[in-house]
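Here is a short tour for anyone meeting this protein for the first time. Take a look at the sequence and the model, and then we'll walk through a few spots together.

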Amino acid sequence: MPSLSHRPTVRSALFRIGSAAILLAGLFGPASASAATTPTFVPIGAGYTAETLEQFAAEAAAVDTSDEVSILVLPITYGVDPLSMSNGLRNKNLTLADSRRGQIEDACLAVIPSGETCHVVLAPVLVRADAFDPANVALVTPGLDGIYVLGGDQVVAMEVVANTPFEAALANAQAAGAVTSGNSAGAAVESADMIAGYTGINGPEQGFEQGAVDLWLYDGPTDETRGLVFGLQNVLLDQHVFQRGRIARLISASQMAGELGIGVDADTAATIKNGTDLTQVGGSSGAFVADSLTYGSLAQYDPSGTLSIHSVATHVLAPGDGYNLATRQPIVSGSAVAAPDLASRTFPSLATPAGSGPLLLGGGVSATSGVIDRLVAASGGGGSRIVVLTVGYAKSEIATKDAKAYAAALTADGATASWFVLDQRTNAAPVTAALAGADGILLTAPDPSTVLAALGATSAISSAVESAWRGGAALLANDAAASALSAGFTADVRPGPSTGAIESAAVAEFRPDSVTPVAGLGWVNIAVEPGIVSNRHWGRLYNIVGAQPVSARLGLGIDAETAVEFRPDLSAPLVVGDSAAVALDGRFGSFGVGSNGTIAAHWAILDTYVGGQAIQP
């Protein structure tokens, strides 16, 4: 059995803040903090939009008492080597940073009352030696109202400023009331515990994999592998959270850190006051809360290192929402919403009809996946007759290539495989004849926007598939075909392969007006979204769950190289494969839409399951 992964003990915020103040006072002089000070942070997920910069500037203006709002802009994230930088690159980076300073100044001028002014200064701190330069430390002036960290590389940023006079001066300014903000990497450094990035060549696709996240946990103020010494305590910040598919990373990292995870999306800002009150979400997208504390989430890794975690409370915060970090409660329409009681939580039986064969719904299974082995075994093992069907492809040559690859893999596993490409020109007779004698079927489709129409266009074959399965043949429905057989899915075209297209879609899919929930064929009584982690389809899953009647708000996200196996003898289906299946349960929470069109979700309970586990609370 895999061992339980116990979260580290949550450290006392009082001890951490106190020890930081002691160190800073001892090394660099007394801090100017007042006991009445309530520090404000405004992490911005990415970008320099006027709306998000103005949200920060308005907070800085609110603490000003001099009629001149003073803001210091930090390019500490701009380097590659924290110890050195050529003169040419330094001048280039300072020029770019100054253009960002100008945008922040424009935002400040847009929000201040008539008669006031803005003084926005760029601190030329790009390498570690700069953070020891008294002239730069002197830029952190008494009465500073705002600190803004530009986007770039958070690891470089902390290697430049950690445990330097410049960081100590910033800490004193923040303690005296200065508002701290920044975008992208500049948001990441705003929590004392910091997500430094991914390890090695890992990326969003490995968000649930053990060791994939480079997590810098604060270990006292002399530690240099951390966020800013005055950063938010007992909360872990992430950025680009929808855009770059970082929900899995945030869940994993916050569970490891034993604290709340808050991710802010691109072109979006979240105002957090006094370390406890997220009072405003502004911009074009939303924020995400991963809470593994409220329900005492237990986590374990399977032998391949994939995370299984249960009863994670999640919230998608849109403009109009807030969140109390101390009570771990969302603020909806101005009121706190307490945690629902999950004591009676069960999943409905997902057993398939008596006499039907094993039904595997795949989240994007390749010909080399272990799910193929399971299909052969479920079909009777060596010598079993398996029919491969590709349907709904835009190009017949790709459909043929895929069909041949699956058939070859099945043959190598000892099965006897035949294959067919289905379209309107397909002669149904040989296909239905093959299906009538099949022990197993592999049905795959790549496009959720066309899969129902494609199956309808070959209705005689589709009926033969259903008859064979109901008669006892094993069936692997892969990718969009898995969605089609479920209770519901989002029937939208997938983005192109470019990074820009993928990231734009990942943000847009959190908007109900950008997705198309449809009913599936209902062979299983649950909605399914394939490629949940690998294709960044988190927004699709939240939308398909939120679109259902309250009692039916349950959906499965199935990742690539993974399937969920349904059988008549299983009320709780089993996970097969190399990654995870995600159950999202919205029956105990609420859904809505923010003023910017982003979906809002409160108390949506998330569970992940790995190979061999039954899908049950």
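## A tyrosine and its partner

Is Tyr-295 buried, exposed or partly exposed? With a relative accessible area of 22%, Tyr-295 is partly exposed, since buried means under 20%. Keep in mind that this is a predicted model.

The ring of Tyr-295 pairs with that of Trp-603 in an edge-to-face arrangement, 6.2 Å from centre to centre and with 75 degrees between the planes. Tyr-295 sits in the loop between β12 (287-291) and β13 (299-301), while Trp-603 belongs to strand β32 (residues 599-609), so the pair ties together parts that are 308 residues apart in sequence. Trp-603 counts as buried, at 1% relative accessibility.

In total, the structure holds seven aromatic pairs. In one of them, Phe-242 and Phe-510 have ring centres 3.7 Å apart and planes at 10 degrees, so this pair is stacked. It links distant parts of the chain, 268 residues apart: Phe-242 is in the loop between β8 (235-239) and α8 (247-257), and Phe-510 is in the loop between α15 and β25 (517-519).

Phe-242 is buried at 2% relative accessibility, and Phe-510 is buried at 1%. Ring pairs also join Phe-242 and Phe-510 with Phe-288 and Tyr-542 in a cluster.

## The disulfide

A disulfide is a covalent bond between the sulfur atoms of two cysteines. The count here is one disulfide, and it joins Cys-108 to Cys-118, with 2.1 Å from S to S. Cys-108 lies in helix α3 (residues 87-111) and Cys-118 in strand β3 (residues 117-122), so the bond connects parts 10 residues apart in sequence.

The torsion about the S-S bond is about -85 degrees, which means the disulfide is left-handed. Cys-108 is buried, with a relative accessible area of 0%, and Cys-118 is buried too, at 12%.

## The second largest pocket

By type, the lining residues split into 13 nonpolar, 10 polar and eight charged.

At least two lining residues come from each of α10 (396-412), β22 (440-445), β23 (474-479) and α15 (499-508). The largest share, three residues, comes from α15. In that helix, Glu-503, Ala-505 and Ala-506 are buried. These three cover an arc of only 165 degrees around the axis, so they are on the same side of α15.

Technical notes:
Residues are numbered from 1 along each chain as its sequence is written. This is a predicted model: local features need pLDDT of at least 70, side-chain atom pairs count only at pLDDT 80 or more; totals for chains, interfaces and linings use all residues. Side-chain values use heavy atoms; hydrogens and water are left out. Helices (H or I, at least four residues) and strands (E, at least two) are DSSP runs, numbered from the N terminus. Ala, Val, Leu, Ile, Met, Phe, Trp, Tyr, Cys and Pro count as nonpolar, Asp, Glu, Lys and Arg as charged, and the others, Gly among them, as polar. A disulfide is a pair of cysteine sulfur atoms within 2.5 Å. Buried means under 20% relative accessible area, exposed over 50%, partly exposed in between (1.4 Å probe, protein chains only). The arc is that of the directions from the helix axis to the C-beta atoms. Rings of Phe, Tyr and Trp (its six-membered ring) pair if their centres lie within 6.5 Å; planes under 30 degrees apart count as stacked, over 60 as edge-to-face and the rest as tilted.
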